[in-house]
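Here is a short note for a colleague who is opening this structure for the first time. Please read the points in order.

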Amino acid sequence: MSNRSSKFKYIRKLAWERDRKAKAVCHICNQPIDYTLPPSVYPDSWEPDHIIPFSKRPDLELDLNNVAPSHRKCNRGRCDNDIVGLGQQSRVW
C-alpha cells in the first residue's frame with residue numbers, strides 16, 4: 001500500500017465520520033444517504049466524492065474540504081464531470 005493511498009483512507013474516514021454525524025445528504029442529488037449501509041458497497045450507500053475531480057486537480061486529493069458526501073450511484077454516474085453550474089439539484093417535494 002502506498003503512503004498516498006493510506007493518507008486517503010484516513011481522509012475518507014474523517015469524511016465518513018463528519019458526514020454520518022451531520023446526516024449529510026448527497027451533494028449531487030440532494031437526497032438522504034443511508035448511513036446504515038456499508039460505505040461504497042450499495043447504490044444508496046455513502047461514498048466520498050472529490051468535488052473537483054482528482055483527474056483534474058490531483059493536488060486536492062487529500063484536501064478534506066474537496067471531499068463531499070454522495071451516493072455511490074451518483075458519484076459513479078458523475079465520473080469526472082464537474083457539478084458546478086449544473087443548476088438546481090433535485091429534492092423530494
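How many of the 93 residues of the protein, in percent, count as buried? The share is 34%, where buried means under 20% relative accessible area, exposed over 50%, and partly exposed in between (1.4 Å probe, protein chains only).

1. **Ground rules.** This is a predicted model, in which local features need pLDDT of at least 70, side-chain atom pairs count only at pLDDT 80 or more, and totals for chains, interfaces and linings use all residues. Residues are numbered from 1 along each chain as its sequence is written, and side-chain values use heavy atoms, with hydrogens and water left out.

2. **Confidence.** The mean pLDDT of the protein is 86; pLDDT is the predictor's confidence in each residue, from 0 to 100. A value of 70 or more is reached by 80% of the residues. Among the elements, strand β2 (residues 67-71) has the highest mean pLDDT, 97. Helix α2 (residues 72-78) has the lowest, 90.

3. **Layout.** The protein has two helices and two strands. Their order from the N terminus is α-β-β-α. Helices (H or I, at least four residues) and strands (E, at least two) are DSSP runs, numbered from the N terminus.

4. **Contacts and surface.** Take the contacts between residues at least 6 apart in sequence: 63% of them join residues at least 24 apart. Contact means heavy atoms within 4.5 Å. The protein exposes about 6100 Å², an area from the Shrake-Rupley method with a 1.4 Å probe; for residues, only the protein chains shown count as cover. Carbon and sulfur atoms supply 56% of that area.

5. **Aromatic residues.** How many aromatic pairs does a search of the whole structure find? It finds two. Rings of Phe, Tyr and Trp (its six-membered ring) pair if their centres lie within 6.5 Å; planes under 30 degrees apart count as stacked, over 60 as edge-to-face and the rest as tilted. The rings of W16 and Y35 have centres 5.5 Å apart and planes at 50 degrees, so this pair is tilted. W16 sits in helix α1 (residues 3-22) and Y35 in the loop between α1 and β1, 19 residues apart. Why is the pair of W16 and W46 edge-to-face? The planes of these rings stand at 65 degrees, with the centres 5.5 Å apart. W16 in helix α1 and W46 in strand β1 are 30 residues apart in sequence, so the pair ties those parts together.

6. **The cluster.** W16, Y35 and W46 form one aromatic cluster. Both W16 and Y35 are buried. W16 has a relative accessible area of 18%. W46 is buried too, with a value of 1%.

7. **H50.** H50 is in strand β1 (residues 46-50). Is H50 buried or exposed? H50 counts as buried, because its relative accessibility is 15%. A polar atom of its side chain lies 3.1 Å from the backbone oxygen of E61. Beyond its neighbours within four places in sequence, H50 is in contact with F8, L60, E61, N66, V67 and R78.

8. **Cysteines.** A search of the whole structure finds zero disulfides, a disulfide being a pair of cysteine sulfur atoms within 2.5 Å. C29 is in no disulfide; the nearest cysteine sulfur, that of C74, is 3.8 Å away. C29 counts as buried at 14% relative accessibility. C74 also counts as buried, at 14%.

Technical notes: A polar contact is a pair of N or O atoms within 3.5 Å; within protein, one must be able to donate a hydrogen and the other to accept it, and residues adjacent in sequence count only if both atoms are side-chain atoms.
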